[in-house]
Amino acid sequence: MRSEQPIAERLLARYLVTHTIARTAQLAGAGRHPALAAAFVELSMSDIASRTWHTDLAKLAAHCAAALEERRFARNRSRVSDPRVAAMLRAISRSHPNKISLATIAKPLNLSPWHASRLLSAITGVTFREHVHRRRIASARHLLCGTQLPIKQIAGRVGYGSSGRFGKHFKRLVGTTPRAFRARDTVVTARNDYK
(Lines give C-alpha, C1' and ligand atoms only; values in the text may rest on other atoms or scores of the structure.)
Protein backbone atom coordinates (compact mmCIF):
# COMPACT_ATOMS: atom_id res chain seq x y z
CA MET A 1 0.00 0.00 0.00
CA ARG A 2 1.51 3.32 -0.93
CA SER A 3 1.69 6.13 1.57
CA GLU A 4 -0.50 9.11 0.92
CA GLN A 5 1.15 12.48 0.42
CA PRO A 6 -0.24 15.37 2.43
CA ILE A 7 -2.76 17.31 0.37
CA ALA A 8 -0.63 20.49 0.42
CA GLU A 9 2.30 18.60 -1.17
CA ARG A 10 0.04 17.08 -3.83
CA LEU A 11 -1.44 20.47 -4.69
CA LEU A 12 1.99 22.14 -4.85
CA ALA A 13 3.37 19.35 -7.04
CA ARG A 14 0.33 19.53 -9.31
CA TYR A 15 0.64 23.31 -9.60
CA LEU A 16 4.37 23.21 -10.43
CA VAL A 17 4.06 20.43 -12.99
CA THR A 18 0.91 21.84 -14.58
CA HIS A 19 2.40 25.35 -14.77
CA THR A 20 5.61 24.07 -16.37
CA ILE A 21 3.77 21.86 -18.85
CA ALA A 22 1.30 24.66 -19.66
CA ARG A 23 4.19 26.96 -20.55
CA THR A 24 5.79 24.23 -22.67
CA ALA A 25 2.47 23.54 -24.39
CA GLN A 26 2.09 27.25 -25.08
CA LEU A 27 5.60 27.42 -26.59
CA ALA A 28 4.89 24.30 -28.63
CA GLY A 29 1.73 25.88 -30.02
CA ALA A 30 -1.04 23.87 -28.38
CA GLY A 31 -3.60 25.81 -30.40
CA ARG A 32 -2.26 24.31 -33.62
CA HIS A 33 -2.05 20.76 -32.22
CA PRO A 34 -5.44 19.43 -31.11
CA ALA A 35 -3.92 16.23 -29.68
CA LEU A 36 -1.55 18.31 -27.52
CA ALA A 37 -4.41 20.50 -26.29
CA ALA A 38 -6.54 17.43 -25.52
CA ALA A 39 -3.67 15.80 -23.59
CA PHE A 40 -3.21 18.99 -21.56
CA VAL A 41 -6.92 19.13 -20.68
CA GLU A 42 -6.84 15.43 -19.76
CA LEU A 43 -3.89 15.98 -17.41
CA SER A 44 -5.39 19.08 -15.81
CA MET A 45 -8.60 17.17 -15.06
CA SER A 46 -6.93 14.12 -13.51
CA ASP A 47 -6.04 13.81 -9.83
CA ILE A 48 -2.33 13.80 -9.01
CA ALA A 49 -2.91 10.96 -6.55
CA SER A 50 -4.48 8.71 -9.20
CA ARG A 51 -2.55 6.01 -10.99
CA THR A 52 -3.32 7.50 -14.39
CA TRP A 53 -1.88 10.93 -13.63
CA HIS A 54 1.69 9.83 -14.41
CA THR A 55 0.51 8.26 -17.65
CA ASP A 56 -1.34 11.44 -18.60
CA LEU A 57 1.77 13.47 -17.79
CA ALA A 58 4.03 11.23 -19.89
CA LYS A 59 1.58 11.39 -22.81
CA LEU A 60 1.44 15.19 -22.62
CA ALA A 61 5.23 15.44 -22.43
CA ALA A 62 5.53 13.28 -25.56
CA HIS A 63 3.03 15.52 -27.41
CA CYS A 64 4.98 18.61 -26.32
CA ALA A 65 8.26 17.10 -27.50
CA ALA A 66 6.81 16.22 -30.90
CA ALA A 67 5.26 19.69 -31.30
CA LEU A 68 8.51 21.40 -30.29
CA GLU A 69 10.40 19.27 -32.83
CA GLU A 70 7.93 20.32 -35.52
CA ARG A 71 8.29 23.95 -34.43
CA ARG A 72 12.10 23.66 -34.58
CA PHE A 73 11.83 22.27 -38.11
CA ALA A 74 9.56 25.17 -39.13
CA ARG A 75 11.82 27.76 -37.46
CA ASN A 76 14.89 26.39 -39.24
CA ARG A 77 12.94 26.48 -42.50
CA SER A 78 12.00 30.14 -41.93
CA ARG A 79 15.62 31.15 -41.20
CA VAL A 80 16.78 30.02 -44.61
CA SER A 81 17.81 33.02 -46.68
CA ASP A 82 17.77 31.30 -50.07
CA PRO A 83 14.17 31.08 -51.34
CA ARG A 84 15.00 27.91 -53.31
CA VAL A 85 16.08 26.11 -50.13
CA ALA A 86 13.00 27.39 -48.28
CA ALA A 87 10.85 26.04 -51.13
CA MET A 88 12.62 22.65 -50.93
CA LEU A 89 12.00 22.46 -47.16
CA ARG A 90 8.32 23.35 -47.65
CA ALA A 91 8.03 20.63 -50.28
CA ILE A 92 9.64 18.08 -47.93
CA SER A 93 7.27 19.06 -45.15
CA ARG A 94 4.25 18.82 -47.42
CA SER A 95 5.25 15.62 -49.29
CA HIS A 96 7.11 13.57 -46.64
CA PRO A 97 4.47 10.82 -46.33
CA ASN A 98 4.66 10.12 -50.08
CA LYS A 99 7.49 8.73 -52.13
CA ILE A 100 9.66 11.79 -52.54
CA SER A 101 12.82 12.34 -54.55
CA LEU A 102 15.26 15.16 -54.89
CA ALA A 103 14.54 15.30 -58.63
CA THR A 104 10.83 16.01 -58.06
CA ILE A 105 11.69 18.77 -55.56
CA ALA A 106 14.42 20.30 -57.72
CA LYS A 107 12.53 20.33 -61.04
CA PRO A 108 10.02 23.15 -60.24
CA LEU A 109 12.97 25.27 -59.06
CA ASN A 110 14.89 24.71 -62.31
CA LEU A 111 17.73 23.03 -60.43
CA SER A 112 19.49 19.78 -61.18
CA PRO A 113 19.20 17.19 -58.40
CA TRP A 114 22.96 17.48 -57.83
CA HIS A 115 22.82 21.28 -57.48
CA ALA A 116 19.71 21.13 -55.27
CA SER A 117 21.42 18.59 -53.01
CA ARG A 118 24.57 20.69 -52.64
CA LEU A 119 22.57 23.87 -52.04
CA LEU A 120 20.34 22.26 -49.40
CA SER A 121 23.31 20.70 -47.57
CA ALA A 122 25.42 23.86 -47.73
CA ILE A 123 22.72 26.12 -46.31
CA THR A 124 21.06 23.82 -43.75
CA GLY A 125 23.96 21.51 -42.92
CA VAL A 126 21.64 18.52 -43.42
CA THR A 127 21.21 16.30 -46.46
CA PHE A 128 17.95 15.95 -48.37
CA ARG A 129 17.42 12.36 -47.16
CA GLU A 130 18.03 13.38 -43.54
CA HIS A 131 15.46 16.19 -43.82
CA VAL A 132 12.93 13.66 -45.11
CA HIS A 133 13.69 11.18 -42.29
CA ARG A 134 13.46 13.87 -39.59
CA ARG A 135 10.11 15.07 -40.89
CA ARG A 136 8.72 11.55 -41.12
CA ILE A 137 9.85 10.67 -37.61
CA ALA A 138 8.32 13.89 -36.20
CA SER A 139 4.98 12.88 -37.77
CA ALA A 140 5.37 9.34 -36.44
CA ARG A 141 5.87 10.62 -32.90
CA HIS A 142 2.54 12.47 -33.14
CA LEU A 143 0.78 9.34 -34.35
CA LEU A 144 2.39 7.12 -31.69
CA CYS A 145 1.25 9.50 -28.94
CA GLY A 146 -2.14 10.43 -30.30
CA THR A 147 -3.46 7.21 -31.84
CA GLN A 148 -3.62 3.48 -31.20
CA LEU A 149 -2.70 2.66 -34.80
CA PRO A 150 -0.41 -0.35 -35.21
CA ILE A 151 3.25 0.56 -35.70
CA LYS A 152 3.28 -1.03 -39.15
CA GLN A 153 0.39 1.21 -40.20
CA ILE A 154 2.11 4.30 -38.78
CA ALA A 155 5.25 3.39 -40.74
CA GLY A 156 3.20 3.37 -43.94
CA ARG A 157 1.38 6.61 -43.11
CA VAL A 158 4.61 8.56 -42.62
CA GLY A 159 6.22 7.20 -45.78
CA TYR A 160 8.20 4.07 -44.89
CA GLY A 161 7.67 0.91 -46.92
CA SER A 162 8.57 -1.38 -44.04
CA SER A 163 8.28 -1.22 -40.28
CA GLY A 164 11.91 -2.42 -40.02
CA ARG A 165 13.23 0.58 -41.91
CA PHE A 166 10.93 2.86 -39.93
CA GLY A 167 12.19 1.36 -36.65
CA LYS A 168 15.82 1.80 -37.68
CA HIS A 169 15.43 5.51 -38.43
CA PHE A 170 13.16 6.08 -35.42
CA LYS A 171 15.75 4.58 -33.07
CA ARG A 172 18.57 6.56 -34.68
CA LEU A 173 16.73 9.88 -34.32
CA VAL A 174 14.75 9.39 -31.09
CA GLY A 175 17.02 6.99 -29.23
CA THR A 176 14.43 4.28 -28.69
CA THR A 177 12.22 1.99 -30.73
CA PRO A 178 8.69 3.06 -31.71
CA ARG A 179 7.26 0.27 -29.52
CA ALA A 180 9.31 1.40 -26.48
CA PHE A 181 8.41 5.04 -27.16
CA ARG A 182 4.71 4.19 -27.08
CA ALA A 183 5.03 1.69 -24.21
CA ARG A 184 6.72 4.06 -21.78
CA ASP A 185 3.27 5.31 -20.73
CA THR A 186 2.34 1.72 -19.92
CA VAL A 187 5.55 1.24 -17.94
CA VAL A 188 4.85 4.35 -15.86
CA THR A 189 1.35 3.05 -15.11
CA ALA A 190 2.66 -0.42 -14.21
CA ARG A 191 5.25 1.04 -11.83
CA ASN A 192 2.57 3.08 -10.10
CA ASP A 193 0.43 -0.03 -9.63
CA TYR A 194 3.10 -1.55 -7.41
CA LYS A 195 3.60 1.44 -5.10
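**Packing around helix α7**

The axes of helix α7 (residues 128-146) and helix α8 (residues 151-158) come within 9 Å of each other and cross at roughly 140°, where axes are lines fitted to C-alpha atoms, for helices over the stretch in contact, and angles run from 0 to 180 degrees between N-to-C directions. Helix α7 is therefore oblique to α8, since angles under 35 degrees count as roughly parallel, over 145 as roughly antiparallel, 65 to 115 as roughly perpendicular and the rest as oblique. The model is a predicted one, in which local features need pLDDT of at least 70 and side-chain atom pairs count only at pLDDT 80 or more, whereas totals for chains, interfaces and linings use all residues. Residues are numbered from 1 along each chain as its sequence is written, and side-chain values use heavy atoms, with hydrogens and water left out.

The crossing of α7 and α8 is right-handed, a term used if the near helix is turned clockwise from the far one by less than a right angle. On the α7 side, the contact (heavy atoms within 4.5 Å) is made by Arg-136, Ser-139, Ala-140, Leu-143 and Leu-144, and on the α8 side by Ile-151, Ile-154, Arg-157 and Val-158. By class, this contact of α7 with α8 has six nonpolar residues, one polar residue and two charged residues, with Ala, Val, Leu, Ile, Met, Phe, Trp, Tyr, Cys and Pro counted as nonpolar, Asp, Glu, Lys and Arg as charged, and the others, Gly among them, as polar.

Ala-140, which lies in helix α7, counts as buried because its relative accessibility is 0%, buried meaning under 20% relative accessible area with a 1.4 Å probe and protein chains only. When neighbours within four places in sequence are left aside, Ala-140 is in contact with Ile-154, Val-158, Phe-166 and Phe-170. Ala-140 and Ile-151 are 11 residues apart in sequence, and their C-alpha atoms are 9.1 Å apart in space.

Helix α7 also packs with helix α4 (residues 83-95), at an angle of about 40° and with the axes 9 Å apart. The crossing of α4 and α7 is right-handed, and the contact is made by Leu-89, Ile-92 and Ser-93 of α4 together with Phe-128, His-131, Val-132 and Arg-135 of α7. The residues of this contact divide into four nonpolar, two polar and one charged.

In the chain as a whole there are 10 helices and zero strands, both being DSSP runs numbered from the N terminus (helices H or I, at least four residues; strands E, at least two). Buried residues make up 39% of the 195 residues in the chain.

Key:
Buried means under 20% relative accessible area, exposed over 50%, partly exposed in between (1.4 Å probe, protein chains only).
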